[in-house]
Amino acid sequence: MEFDYNKLLNEASDVLSQKNKTEERLKVPDPEIIYEGKSTIIRNFLDIADMLNRNPEDIMKYLTKKFGIGANIVSRRLIINRKIKEDDLGEKMNEYMAAYVLCYECNSPDTTIEKVGRTYLLVCKACGAQHPIKITREIKENEDELLEGKTYSVAVSEIGRSGEGHAFYGEYTIYIPNVKKGEHVRVLIKKIKKNIAIAEVSK
Ligand SMILES: [Zn+2]
């Protein structure tokens with residue numbers, strides 16, 4: 001019996017190109033990191049978020065919480081207000097992937113997050129596995145967190161002894177000079193020490 005080598009070859013290359021297509025679709029781009037002044041910039045941040053099928057704000061919140069520093073999304077880039085080593089950034093991205101993206105069973109990144117009742121499930125499109133994740137807790141905690149270099153909208157609740165305004169934010173008291181009681185202002189956090197934050201009105 002003779003083998004039809006051409007037929008075998010064609011079939012094999014079909015399988016191969018099919019496989020490549022899937023892998024290509026799921027390939028998460030490496031972060032393109034550049035440094036500008038004291039900032040770390042991920043140039044392809046939104047590309048990564050798109051590829052992971054995750055909300056870029058959620059990924060940003062995760063990173064800012066882990067690094068304890070502010071960040072902003074500007075056009076398609078993430079700008080972090082501090083120099084962060086590529087390795088450290090990669091490590092935190094991997095942790096994010098492990099918690100919120102990669103299937104706990106088969107490790108495929110082809111997953112979605114679905115809300116069922118009050119639970120968020122990581123649902124795998126590759127193998128069908130479903131596992132609850134703790135995304136709500138992570139993000140909720142982060143909402144009450146104050147970070148140096150970030151701006152926040154607050155209301156001045158009282159005036160302190162030196163004439164500075166006080167606003168309350170989560171566990172923090174924010175000290176703001178040159179404001180009036182009852183005023184709503186957007187402030188830039190300059191310095192945080194324990195539960196006290198020093199801020200100035202942001203322009
Ligand atoms: Zn899976």
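I started at the hairpin of β6 and β7, where five residues lie between the strands and G128 has a positive phi near 85°. Helices and strands here are DSSP runs numbered from the N terminus (helices H or I, at least four residues; strands E, at least two).

**Ground rules.** I noted that this is a predicted model: local features need pLDDT of at least 70, side-chain atom pairs count only at pLDDT 80 or more, and totals for chains, interfaces and linings use all residues. Residues are numbered from 1 along each chain as its sequence is written.

**Confidence.** I looked up pLDDT, the predictor's confidence in each residue on a scale from 0 to 100. The protein averages 84, and 81% of the residues score at least 70. Strand β4 (residues 77-80) has the highest confidence, at a mean of 96, and helix α5 (residues 135-143) the lowest, at 49. Over residues 136-141 pLDDT stays under 50, and the model has four contacts beyond four places in sequence for that stretch. I count two residues as in contact if their C-beta atoms, placed from the backbone, lie within 7 Å. Where pLDDT is low, the predicted coordinates should not be read in detail.

**Overall counts.** I find five helices and 13 strands in the protein. Of its 203 residues, 18% count as buried. The burial scale counts other C-beta atoms within 10 Å of a residue's own, all placed from the backbone: 20 or more is buried, 12 or fewer is exposed, and in between is partly exposed. Among contacts between residues at least 6 apart in sequence, 41% join residues at least 24 apart.

**Three-stranded sheet.** I went back to β6 and its partners. The order is β5-β6-β7 in an open sheet with antiparallel pairing. β5 and β7 are the edge strands, each pairing on one side only. From one strand to the next the twist averages 35°; axes are lines fitted to C-alpha atoms (for helices, over the stretch in contact), and angles run from 0 to 180 degrees between N-to-C directions. Two strands pair if DSSP finds at least two bridges between them.

Strand β5 (residues 111-116) is joined to β6 by six bridges, and I113 has L122 in β6 as its bridge partner. These two strands form a hairpin with two residues between them, and G117 in the turn has a positive phi of about 60°.

Which residues of β6 are on its covered face, and which on the uncovered one? In strand β6 (residues 119-124), Y120, L122 and C124 are on the covered face, while T119, L121 and V123 are on the uncovered face. In a regular strand the side chains alternate between the two faces of the sheet.

**Six-stranded sheet.** I then read the other open sheet, in the order β8-β12-β13-β11-β10-β9, with mixed pairing. Its edge strands are β8 (151-155) and β9 (158-159), and each pairs on one side only. β9 runs antiparallel to strand β10 (residues 165-169), to which two bridges join it. In this pair, I159 stands opposite G165.

**S202.** I checked the segment after β13 (196-201), where S202 lies. S202 is partly exposed, because 13 other C-beta atoms lie within 10 Å. Beyond its neighbours within four places in sequence, S202 contacts T151, R186, V187 and L188. One of these, R186, is 16 residues away in sequence and 5.7 Å away in space, C-alpha to C-alpha.

**Helix α2.** I looked up the buried residues of helix α2 (residues 45-52), which are F45, I48 and L52. They are on the same side of α2, because they cover an arc of only 65° around the axis; the arc is that of the directions from the helix axis to the C-beta atoms. Their cover includes β2 (39-42), α3 (56-67), β3 (71-74) and β4. N53 follows α2 and has a positive phi, near 60°.
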